[in-house]
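Today I'm looking things up one at a time and jotting down whatever I find.

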Amino acid sequence: MSNIPETGRTPRVQIRLIIIQVLVFSLLLTLGGRLWYLQIRNGQEYTDEAKNNHVQQVVQPAVRGSILDARGVPLADNETRLVVSASRTKLMRMKDDGKGVLTRLAGVLGMKPKEVMDKVRLCDSKTPQPCWNGSPYQPIPVTDEATTQQALQIRERAEDFPGITAEPTAVRRYAAPGKANTAQVLGYLSPVTDEEIEKAKDTDSPFLRSDQVGRSGIERTYDKALRGKAGVTRYEVDNLGRVIGEAERDEAQAGANLVTSIDARVQAVAEYELNGAMKAARLEHDRNTNENYKADAGAVVVMENKTGRIVSMASQPTYDPNAWVGGISGKDYTRLTTKGSNYPLLNRAIQGQAAPGSIFKVISSTAAVNAGYPFDGNYPCPSSYSVGGQVFKNFESKGYGSISLGRALEVSCDTVFYGLAHREWLKDGGTSPKKRTNDWFYKTAHQFGLGKETGIDLPNEVSGRVPDRQWKQSFWEANKDGWCRQGKKNGGYVEKIAYENCLEGNRMRAGDSVNYSIGQGDTLVTPIQMATIYAAIANGGTLYNPTIGKAVISPDGKSVEQIKPRSHGKLPMDARTRSQIDKALAGVTTVGSAAWRFGGWPQDKIPMHAKTGTAEVYGKQTTSWFVSYTQDYTIIMTIAQGGTGSGASGPAVRKIYEAMYGLDEEGNQDLKKALLPAPRTALPKIEKDGSIDAPKIEPYRPKKKESPDGNQQLAGPPAWRD
């Protein structure tokens, strides 16, 4: 025990306590001062710096799914290319807006500086192609055809090319197997726009700035399934761009594969024969215009009768969809979109509208039966028919006496249908129509599906036109003022017609109904509409929605979503009428207007049915139509300004059938050579790794029948020409 008194220890303890208190207070004061310095005096500065610590996204584009034909042959897939891209945002920060960098880049790529600069400018209503219509914040591809040497130069001299990247990238490829172009069916891609990104922001399939989207064809229809989902890795970085850490990662999901009903081999044949038919038509003389046929556009469709699936669809003129990959050039864009090119981007199978001519007569025959006229009755077929002083002639002014509706279809007698349509027009009240008109011929056309879309799984299908009373009225209301102004002028024939239209252009005249009955006048149809109708006659009466997509299959092949055939109605005829029309259409190829094109055809093994059509077009040469069907398939071909139906289109349609069924010109069948003797039902197998064991396709090489002097025989006897 210490001897120090209690009173002696107290002052020292107190001093120590005071010193400790001072030290603690000093530390607190220092800490408080530091906090004030950081939060009050320099608070804004540190807040600004903190804001510069943000999240950067690195996008890994999803591999777009392949588009396959019915056997698994790729029609559109992807290939790895060296893509050189420019960051427009980085270029715009430079004093010269990046012109120096782009000029150096042009030198490396072997391009002109202006060509490179045009590619990175933004599109607007005044800027012609080439330009960039995607997001300005997305790297803009300058070329997807860079060589390894060019890519190395750009990467090794990075200081000379700020904002420029050269990376291997998966790029869309339109393979054209066996030279099957399939352009208008497939469509093409282009970059997503800011407007599309904003619009899809809250949907289950939002866009990223790096996305390419389908703009036409099945690339557009099935874009969501094909596109997949891009992968995004989010990094937290500081204001110097240094990575602080990884915030989040979403793995890329490859797009699904689309199996179509297209058979690439048949597609190649159809494209070849359509092109050949147009070339052959240009060698034929049009006696009406005293010059050769122009044959400037055409289309062909091959359809399965019992499903509505499209085996082949081709349109002329055509184009190479690869021109759009990596950004289209100004030269290519002009070539595809100007009037002089005759608009190859149009799919004339679904967008080409024309008067159908005599292939319309199956509708008129049905209308007559539904109106009470017996199919096997006797109807006069004179060489001409007069209505109110106007004479309507048979083709080549030939008469056949008194014949049935079936025979009228076989020989394509116009005057039989003129008489029936005129009689019904009179029954409906003529120019003073009854309150409730029957309008059998117009009503039946609507029941056949004309005047509306077929529902095909392609965008921008047009509906055609049935010029009934309602259409006449609306057309008159839209044009009345112009007709009246023109009619007031003291002019000639044109002004007189305008004045008549001003007064009574909404009336259904006798001439309108007579012309309409043979598919002329203001009637407009598309090839796909007429293919659907004839396929329905072949299958027993079901109008199927034409479809190209057959199944959507996941990248690993595990998930399969079948696209089943759908119907939009039945033909307005009973089984007996259908059978009678079917028999008459068979007669067209044996004793009728197409018989001269089907000599030697094995009718007992593969019954052939057909209808020819030659439609007159004001101010142009006639449109050639040929529609036909067997038990399995319907084929329709049309050639604008191509002449007659059997003359221009008939031979090409026969050659497509011969390739599909493995027939030679004498009608002998070799199933080993047959491309598609029966509709295909099985789907191609896709392995877990995404590979497909697809068969190779050789280009179509038809055997040419030659005359003794070595010239290809293009034209046949002139006797049967509808």
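This is a predicted model: local features need pLDDT of at least 70, side-chain atom pairs count only at pLDDT 80 or more; totals for chains, interfaces and linings use all residues.

**Salt bridges**

I started with Lys 114, which counts as exposed because its relative accessibility is 56%. For the cut-offs, buried means under 20% relative accessible area, exposed means over 50%, and partly exposed is in between (1.4 Å probe, protein chains only). Asp 118 is buried, with a relative accessible area of 12%. The side chains of Lys 114 and Asp 118 meet in a salt bridge, 2.8 Å from N to O. I noted the rule: a salt bridge is a side-chain nitrogen of Lys or Arg within 4 Å of a carboxyl oxygen of Asp or Glu. Lys 114 and Asp 118 both lie in helix 5, four residues apart, about one turn of the helix. Helices and strands here are DSSP runs numbered from the N terminus (helices are H or I with at least four residues, strands are E with at least two).

Residues are numbered from 1 along each chain as its sequence is written, and side-chain values use heavy atoms, with hydrogens and water left out.

Next I checked Glu 167, which forms a salt bridge with Arg 155, the closest N and O atoms being 3.9 Å apart. This pair links distant parts of the chain, with Glu 167 in strand 5 and Arg 155 in helix 6 (residues 148-156), twelve residues apart. Glu 167 is partly exposed, at 36% relative accessible area.

Then came Lys 294 and Glu 291, a salt bridge with its closest N and O atoms 2.8 Å apart. Lys 294 is partly exposed at 42% relative accessibility, and Glu 291 is partly exposed at 36%. I also wrote down a network: salt bridges that share partners join Arg 64, Arg 172, Glu 219, Asp 223 and Arg 227. How many salt bridges does a search of the whole structure find? I got 23.

I went looking for cis peptide bonds. One joins Gln 129 and Pro 130, with omega about 0 degrees. Pro 130 sits in the loop between helix 5 (113-120) and strand 4 (140-143). Gln 316 and Pro 317 are also joined by a cis peptide bond, omega about 0 degrees, and Pro 317 is in the loop between strand 14 (310-316) and helix 12 (330-337).

Positive phi was next on my list. Asn 290 is not a glycine, yet its phi is positive, about 60 degrees. I found Asn 290 in the loop between strand 11 (285-286) and strand 12 (291-292). Gln 641 has a positive phi near 55 degrees, and is a residue other than glycine. Its loop runs between strand 25 (633-640) and helix 23 (645-661).

Are these two buried or exposed? Asn 290 counts as exposed, since its relative accessibility is 60%. Gln 641 is buried, at 8%.

**Holes in the model**

I needed the grid rule first. On a 1 Å grid over the protein atoms alone, a cavity is a set of points where a 1.4 Å probe fits but cannot get out; a pocket is an open set with protein on both sides within 12 Å along at least five of seven lines; lining residues have an atom within 4 Å of a point. Grid points are joined across faces, edges and corners, and a volume is the space filled by probe spheres set on the points.

I counted five cavities of 30 Å³ or more. The largest cavity holds about 90 Å³ of space. Its lining includes Trp 425, Trp 440, Arg 469 and Tyr 516. Helix 16 (414-427), helix 17 and helix 20 (510-516) each supply at least two residues of that lining.

The second largest pocket has a volume of about 1,900 Å³. Of the 50 residues that line this pocket, the closest to its centre are Gln 138, Pro 139, Arg 209, Ser 210 and Asp 211. Which element gives the largest share of the lining? That was strand 5, with seven residues.
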